[in-house]
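Hi there,

Here is the structure I promised to pass on.

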Amino acid sequence: DIPLVVVLRSPICNLTDNDLITIRLTDKNCSFYEALIKTRLISEDKLKNKIEDFIQKIEKWKSQSKYMSLDEFIWQIYLDTGYYQYVGLLPNGALRQANLKILFEKAKQYEKTSFKGLFNFIQFIDRLKKQNGDLGSAKLIGENEDVIRIMSIHKSKGLEFPVVFLCNTQKSFNLQDLNNTVLLHQDIGFGPDIVDITKKIKYSSLPKEAIKLKMKQEILSEEERILYVALTRAKEKLYITGRIKDFTKYIKEKNKIIEMYNSKNNTKLDYKIVKKAKSYLDWMIYVYLLNQNKQITLKGKKLKINNIVSLNINNKKELLKTMQKEEKVEPIDIKEQINKLLKYKTEEEKKKIQNSLEELLEWKYSYLVDTKLPTKTSVTKIKEEKIRLEELTKTTDNEIIEDNLKDKYKPKFMKENENLSNVQKGTLVHLCIQRLDEKREYSLNDIKNIINNLLEKEIITQNEAEAININLIYQYTKSKLFKDLQQAKEIHKEQQFYINIPAKDIIIEAKLAKSNKNILVQGIIDLYYIDKNDKLILIDFKTDYVPNKANAKEKILEKYKTQLEIYKIALEQALGKKVDKAALCLANCNYEQIELK
């Protein structure tokens, strides 16, 4: 149904949302295609013509699919529908068209296999989706495009570029495999560690040391080959970067090693030095230092290494200072500029220009508050906003409003606490009440079984299960509300809703700015039902602690009044029926109902 509706809604068929609703309402119990066929028989001319046109195309394509090759058939659909040209006009059109070409190419490759036909190809695509596979997105960048490419040295093999950056050459060679307990070599065999159980010591065996030397030699040989690839990719310039903690100390150490192992006249590194190196940077610095004051023959020319390579040392602190320096921009003297502008103007012209400048400089966007308001909020946030409204109602100071607005609507990241809050405990009570069947009677054991079932299904944790007040839920099954629900004609629990509310009704900034913007409000109605007398009753459960004081219940109603009113408006709009009663149901007061008047 979903792929069919997507095609019908697309420019291929161009059916509107109302057309699709009409088709679905023709028969709600059959597939969408069957509903489409039935709608063709009873619909008006405009919709009927659209359906007829689509079915004719389907029949034509069915016929063509029997004798055309798969790739030709797909291209024929592109031509018949104009879809290839259509996607080219959309954003990223070139990429979209390239993806359609990939589908065409894949179909062409598929036809060369033993499996053939449209059905088998669709089955192949479906299997690919189920296995989280993908045909891949098309690449619009060719090999010779003027772009920066980031790749590994291995991937650059066989390629050349005008300028190449070889980065992080200080990174040590990966010799971790040499530390394994047992080393394996295809020619030498295997070399394990020796464990002396009596002395409780472990040490390397001679075969292992031999294999380690051989493997290290092979790893370094491979690293040399990789470095050769990296150094031969650039056509014009090669930049090599590396980071050293103390460069002066690093150079001194390298010079000592060269003096120790290399003869003065030798321009090639001794193999012992090559083996001592730990990174590409070590090798290259050794070669640089060894040949610093010597002439090298390159393509028949005698050159010094400084003619070929320049060594640049950049200190981290100096680089950071350079980055922190900001360009000083000389302030513009506005009065001076205005006087120059008005120098040769008449008094009347001066006044006009001054008025225009003042108007431009003092202009303020009329709907500035709207740019800072959310497009969507929840009923809970509206309750918080009401408290803020009460605090700020007595002032119209714009600075206070701005300060409040700055700190609003920042994301709050939940923190895991071992001890559950009262709000979390209330949510758990809601969850258990939602699971109750109003057509039966419950005992304490039944309530315990519901909680254990939630725990087994991992809907709640052990900590949450222990925090649930079983007696509180049991009291609900004996309450007047539960008995009313047992006789109700319809019961609806945990119903989500969305409703548009004028921003000025719930946010003080919008009210003061007289904003006309609407905010989408999201919420969940705990319970509404139609009783035996056909009255629509709205109930919102609350697990708040109610102190034994005068007017305590009235204060709770005042606290949640806005929330309850929004639920009432949303329910009346959704059902097109007046709510006869909206009330808070206080769990901690034997589920006593406080009615909204």
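Helices here are DSSP runs of H or I with at least four residues, strands are runs of E with at least two, and both are numbered from the N terminus. On that basis the protein comes to 26 helices and 13 strands.

Before the details, a word on conventions. Please keep in mind that this is a predicted model, so local features need pLDDT of at least 70 and side-chain atom pairs count only at pLDDT 80 or more, while totals for chains, interfaces and linings use all residues. Residues are numbered from 1 along each chain as its sequence is written, and side-chain values use heavy atoms, with hydrogens and water left out.

**Overall picture**

Of the 597 residues, 31% count as buried (buried is under 20% relative accessible area, exposed is over 50%, and partly exposed is in between, with a 1.4 Å probe and protein chains only). The protein exposes about 43,000 Å², and carbon and sulfur atoms supply 51% of that area (Shrake-Rupley method with a 1.4 Å probe; for residues, only the protein chains shown count as cover). Taking contacts between residues at least 6 apart in sequence, 61% join residues at least 24 apart, where contact means heavy atoms within 4.5 Å.

**A helix pair**

Helix α20 (residues 422-435) packs against helix α21 (residues 444-456) at an angle of about 110°, with the axes 10 Å apart. That makes α20 roughly perpendicular to α21. Axes are lines fitted to C-alpha atoms, for helices over the stretch in contact, and angles run from 0 to 180 degrees between N-to-C directions; under 35 degrees counts as roughly parallel, over 145 as roughly antiparallel, 65 to 115 as roughly perpendicular and the rest as oblique. On the α20 side, Leu431, Cys432 and Arg435 meet Ile450, Ile451 and Leu454 of α21.

**Salt bridges**

How many salt bridges does a search of the whole structure find? There are 19, counting a side-chain nitrogen of Lys or Arg within 4 Å of a carboxyl oxygen of Asp or Glu.

- Lys38 and Asp27 meet at 2.5 Å, N to O. Lys38 belongs to helix α3 (residues 32-42) and Asp27 to the loop between α2 (17-26) and α3, so the pair links parts of the chain 11 residues apart. Lys38 is partly exposed, at 36% relative accessible area.
- Asp80 and Lys60 have their closest N and O atoms 3.2 Å apart. Asp80 lies in helix α5 (residues 70-81) and Lys60 in helix α4 (residues 45-67), so the bridge ties together parts 20 residues apart in sequence. Asp80 is partly exposed at 27%, and Lys60 is partly exposed at 39%.
- Arg440 and Asp446 meet at 3.2 Å, N to O.
- Asp193, Lys202 and Lys208 are linked in a network of salt bridges.

Asp534 is not a glycine, yet has a positive phi of about 65°. Asp534 sits in the loop between β10 (518-530) and β11 (536-542) and is partly exposed, at 42%. Tyr591, also not a glycine, has a positive phi of about 60°. Tyr591 is in the loop between β12 (581-586) and β13 (592-595), and at 4% relative accessibility Tyr591 counts as buried.

**A surface patch**

Trp363, Tyr365, Tyr367 and Leu368 form a nonpolar surface patch with about 490 Å² of accessible area together. Patches take residues with over 30% relative accessible area and no salt bridge, joining like charges within 9 Å and nonpolar side chains (Val, Leu, Ile, Met, Phe, Trp, Tyr) within 5 Å. Trp363 lies in the loop between α16 (347-361) and α17 (368-372) and is exposed, at 59%.

Best wishes
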